[in-house]
Amino acid sequence: MYCPKSKLFNRREFERELERSSEQVALFRDTIQAGRLVLRQHEAGTTAPTIVHHHAWLIDRILHYAWQVRGAGLSETPIALVAVGGYGRSELHPYSDIDLMLLLEKDHYEQVQDFVATFLSFLWDIGLEVGHSVRSLRDCVAAANQDITVATNIMESRYLEGNRKLVETMQSRTASNRIWKPTEFFNAKLAEQQARHRKYDDSAYDLEPNIKEGPGGLRDLQTVIWVLKRRYGITELKQLIETDYLTAEEYRQLVRGRNFLWKLRIGLHYTAGRCEDRLLFDHQRMLAAQFGYRDNANHLGVEQLMKRYYRTVKDLRLLNEILLQHYEEENSFRRASRVKPINERFQSYTGYLETRHENVFKQHPHAILELFFLLQQHSGLKGIRANAIRQLRGSLYLIDNRFRNDPHCKRLFMRIMRQPSGITHALRRMNAYGVLGSYIPVFGGVVGQMQHDLFHAYTVDAHSLFVVRNLRRFAIDTHADEFPLANRAMSRIDKPERLYLAGLFHDVAKGRGGDHSVLGGKDALQFCKRHDMSNFDARFVGWLVRHHLLMSHTAQRKDITDPNVVRAFAKSVGDQEHLNNLYLLTIADIRGTSPNVWNAWKGRLLEDLYHAATRFIRHGLSMPQDTSQRVSDIRAAVRAQLDDNSVNREQLASFWDSLPTDYFLRHSSDDLTWHVESISSSRAIDLPLVAVRFQPRLDALVFLIYAPESEQLLSLVTKGLERMNLNIADAKIHASTSGFALYTFAALEEGLADCMDQSHVAHLKSELRNRIIHDTGSDFEKVYQLPRKLKHFSIEPRVDFSQSTHHTVMEVIALDQPGLLHRVSRCLLHCKVHLVTAKIATFGERVEDVFFVTDRDGNAVTSPEQLECLRSNILAALTVPNSKQANKAASA
């Protein structure tokens, strides 16, 4: 539905009202609101360019009459009203600031200050959000000469009212032949763009992206226009098609991308009711619904919207790169061009790889892959020339089934994967230029695909390439100190290309329905067989993809101090070669999910499982574990660490004999030594004993609590820890036959190492002890507000049970929330169930905690009544109505 300008503003009617109205402010305000309302009502059926240009036109009309009304007496004063910035381009989004400049001929500011104050006050009174500056011609030129931002604003200036000649003089004095010569301007804008990209971690895949300033956003598109306008004097990109600087398809792609981002930005402004450029979770679902995206079996509507967004900014960023690089080549390389042949198809041009003629890819389709292989082999090359990228993108249609089955192409791809260096760069370029998704269609299906949660920070394709990058980093000795065990394991890998392929394929089946590990394993197997890998190697890659979550799941959600758990895991893995590859893939996968997901605690869990599984594999999977001998060895190791004079050996033996066997299996000898030293040096008056230490290797605080056993103790301790705002990752509970309880808790927080000193540790120890001793006994229900991001996720709590040899395993899935562990502990107390061990895992907005529990006799909980008591009470305690209501409101 087209929106004619006459519906926004009727000149004759407005002039009649202006003549007879005594309330000018109200007339102007009502006219603006009415015009903007018409635009909003026409939003769904009107193109984005119409909205932004018509809005600018409406404000032009308003300012014209405002100038007439408030500019009386200025006819002889050399002053001009100038539109700058986006408004200068006649592009005005619904709630964008209206950037104006009042331009004076000379520095006579005092002569116009009263008018300026009155005029601007009038604009604010009538409801215009104005950004303004007041400058003389001389100051304007000086400011533009010093500041690239001012120069850019002036370059887009547009005359509105007043003295037109002043504006023309300003534009003449700030032209490219006076200040900011094109090369200087290009270098400054390129540096500005690079700095802006760094601010956003040089990634377009933020969960809540900025559609204006982020990489691939509107500012990147505008940067191209500014640079080319400065050099060629163009006013719009379409003019470059005639000069062959821009192809017709590139122009259409740029316009499509710009219009989509404009539409998003318009929707954001209307949804937020203010100027907003961040695509926040608060708005994503509503915009998806407005744009017609609906949830289906495999994807939420919001995920479909964000996939389109990420693909759009990916393409715009590439076009930004091509056009800016082409500009640099055209204006810099001519002066010092050096051509060096590489083979009959490619040559180096001033350090950049280019084709030797424009039909290389059409005549030799395999050269599409050869180009990336040559970049790996010739490390001195700086990149690919813009024209070669264009030729490559124009030849993507050649990548069909015939191309994929061509022996030459298959060999080239595998040679790329087997190169000793440059694999990550090659794959990232292939993905950016559309080659990787075309050559591996299942990978192309996940390009730009985002999961709508707080755990996965990147699109599936970006994450997969991060995984390959992490795997490559393990192989580089200069980074060995980051992950020493991974570096050693990587050095034992016979065929690293199998591991890289597994990293590339491990998530390709996400969003297709079914188990993505199983489907992805089949995809990987087929791909490897088609690329003439041996049956063993093909199955090896397929196995890695099929089981890429096995080690993470076992380490974080099972009791890996239980020999039966480790034996089952080792049996699934089979041999050391599979274990080494799976361990490396697991670390690379977790680290590639989000900058905030990996921590030393997870690293330690995986290391412990790796070493335990290695022992089983070396000694034979069927060989029974000699638990008594292992406990005896651990006790001996602790005794060797203790000072002979610090601990009475008889008392130590008595203390140890009072504790269950699993106490020794669940702690390292170093931990056990610390326990003994802390408890033996305490007195009865010190009970409940609280000891605290920071463990740098885990980047964690470890709390030891030793006190007479009581039903309330666990609830008191968890209440105290959570009131101290500590993020608990692990809990181990041991009851002695002497009537004492020994608890250990591990707490993780960012930046712990920076604030850990003895005084802080002493403070934590004292605070927790006081909270346990002086607890009022009232139930702990923390009054809290869900963080903004969490309000947009609805996770129904779930409680599942399974039985192991000695325990019941209770898995709790819920929305992350303060006080969760304490609430669970209250439910355990109410249902007369004891906690043995807890493993706390948070995945963005979702917690998946595992509790190993027994009845009061130390046996697995088998009573249906007790299990139902646990389930119903925990579900009631962890249901967060706020999240569900907020989610429904967001979907409305």
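Reply: A disulfide is counted here as a pair of cysteine sulfur atoms within 2.5 Å. By this rule the count comes to 1 disulfide.

The model is a predicted one, in which local features need pLDDT of at least 70, side-chain atom pairs count only at pLDDT 80 or more, and totals for chains, interfaces and linings use all residues. Residues are numbered from 1 along each chain as its sequence is written, and side-chain values use heavy atoms, with hydrogens and water left out. The pLDDT, the predictor's confidence in each residue from 0 to 100, averages 88 over the protein chain, and 93% of the residues score at least 70.

The disulfide joins Cys831 to Cys869, with an S to S distance of 2.1 Å. Its two cysteines lie 38 residues apart and link distant parts of the chain. Cys831 sits in the loop between helix H39 (820–830) and strand S15 (834–839), while Cys869 belongs to helix H40 (residues 864–878). Helices (H or I, at least four residues) and strands (E, at least two) are DSSP runs, numbered from the N terminus. The torsion about the S-S bond of Cys831 and Cys869 is about -85°, so this disulfide is left-handed.

Buried means under 20% relative accessible area, exposed over 50%, and partly exposed in between (1.4 Å probe, protein chains only). Cys831 counts as buried at 4% relative accessibility, and Cys869 counts as buried at 18%.

Cys409 is in no disulfide; the nearest cysteine sulfur, that of Cys528, is 17 Å away. Cys409 is buried, with a relative accessible area of 1%. Cys140 is buried as well, at 0%.
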